[in-house]
Amino acid sequence: MKKLFIFVFSLFIVMEVNAQQVIPLYNGAIPGAKTPPADYKETTVTGDDGVKRVSKVTDPSLTAYIPAKPNGTAVIICPGGGYGILAIDKEGNNVAKKFNEVGITAFVLKYRLPSDIIMDDKSMGPLQDALQAIYLIRKNANVWGIDPTKIGVMGFSAGGHLAASLSVHYNDMKVQNQENISLRPNFSVLIYPVINFGNYAHAGSVKNLVGEQPTDAQRRYFSAEMHVDAQTPPTFLVHANNDGSVPVKNSLAYDEALAKHKVLSEMHIYQAGGHGFGLNNTTTKENWFETLKNWMRTNNLL
């Protein structure tokens with residue numbers, strides 16, 4: 001506990017609520033960031049569907065959910081929202097609490113949403129934040145009782161795209177890393193993820209991240225399946241066949257690329273459920289989180 005308090009002060013941690021530490025991603029100025037105008041402020045709205053949506057993030061952070069008995073495994077959770085909002089509870093905080101129940105330390109990443117108003121290059125802002133997140137966690141793994149070889153990334157929808165981007169572009173150094181710490185996740189969990197920015201892309205995610213007229217180079221860079229190799233982290237995927245927002249072909253293409261390069265992977269495709277079901281696909285009694293736990297046990301993560 002003493003080490004934890006030393007760490008939180010050194011990182012200028014500004015608040016602690018309900019035993020969760022909220023940790024600023026950057027100590028000082030954010031590389032590549034612009035000063036936001038006075039009227040550009042973070043906004044949180046809860047819709048009629050009960051989903052809490054966060055937008056206009058200017059101060060990215062990690063919310064650390066620390067279990068009573070950490071088992072050494074940690075996961076960074078990237079909520080979805082089409083790169084326009086973050087479904088911060090449904091695909092973030094609620095999921096972190098489930099991981100805590102089995103001893104896994106979870107960090108909910110409140111990443112900056114792409115905007116020309118606050119970023120020099122809006123297409124790289126979210127990935128930069130994901131790289132900074134794993135840098136920060138791996139650098140200070142001992143503080144939380146984390147095994148630095150068991151740090152994964154998880155994402156839902158566009159958050160799944162961010163998690164997949166980190167999984168294939170971890171060597172594309174966009175943050176300060178004087179220690180040359182590996183930013184490669186040790187595993188990935190992708191739930192109805194956006195993967196492809198080409199023929200079966202989610203149009204909203206593409207528009208928000210790279211604009212109305214992305215270049216061929218941008219489409220290729222952000223099509224994660226095109227960058228899978230033998231070093232891509234082992235991956236667990238979940239999707240629904242009737243997903244009308246993010247076609248199931250996104251997960252199929254990523255899994256096919258993983259298999260081609262002999263990367264350990266497991267994919268679960270529901271016959272129904274649509275898009276955005278979070279932890280609970282109400283069309284089936286099968287619980288994907290329980291299945292994920294089995295996969296993690298198989299891979300010595302639980």
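1. Where is the place of Ser-157? Ser-157 sits in the loop between β9 (151–156) and α4, where helices (H or I, at least four residues) and strands (E, at least two) are DSSP runs numbered from the N terminus. Its phi is near 55°, a positive value in a residue other than glycine, and at 5% relative accessibility Ser-157 counts as buried, the term meaning under 20% relative accessible area, with exposed over 50% and partly exposed in between (1.4 Å probe, protein chains only).

2. On the basis of these notes: this is a predicted model, in which local features need pLDDT of at least 70 and side-chain atom pairs count only at pLDDT 80 or more, while totals for chains, interfaces and linings use all residues. Residues are numbered from 1 along each chain as its sequence is written, and side-chain values use heavy atoms, with hydrogens and water left out.

3. Tyr-83 is found in the loop between β6 (74–78) and β7 (86–87), and at 3% relative accessibility Tyr-83 counts as buried.

4. Ala-64 lies in strand β5 (residues 61–65) and is buried, with a relative accessible area of 0%. Ala-64 and Phe-107 are 43 residues apart in sequence, yet their C-alpha atoms are 4.5 Å apart in space.

5. The axes of helix α3 (residues 125–139) and α4 come within 10 Å and cross at roughly 65°, the axes being lines fitted to C-alpha atoms, for helices over the stretch in contact, with angles running from 0 to 180 degrees between N-to-C directions. In this pairing, Pro-126, Leu-127, Ala-130, Leu-131 and Ile-134 of α3 meet Leu-162, Ser-165 and Leu-166 of α4, contact meaning heavy atoms within 4.5 Å. By class, the contact of α3 with α4 has seven nonpolar, one polar and no charged residues, where Ala, Val, Leu, Ile, Met, Phe, Trp, Tyr, Cys and Pro count as nonpolar, Asp, Glu, Lys and Arg as charged, and the others, Gly among them, as polar.

6. In α7, the buried residues are Asn-250, Ser-251, Ala-253, Tyr-254, Asp-255, Ala-257 and Leu-258. The buried residues of α7 pack against α4 (158–168), β10 (187–191), β11 (235–240) and β12 (265–270). After α7 comes Lys-262, whose phi is positive, near 60°.
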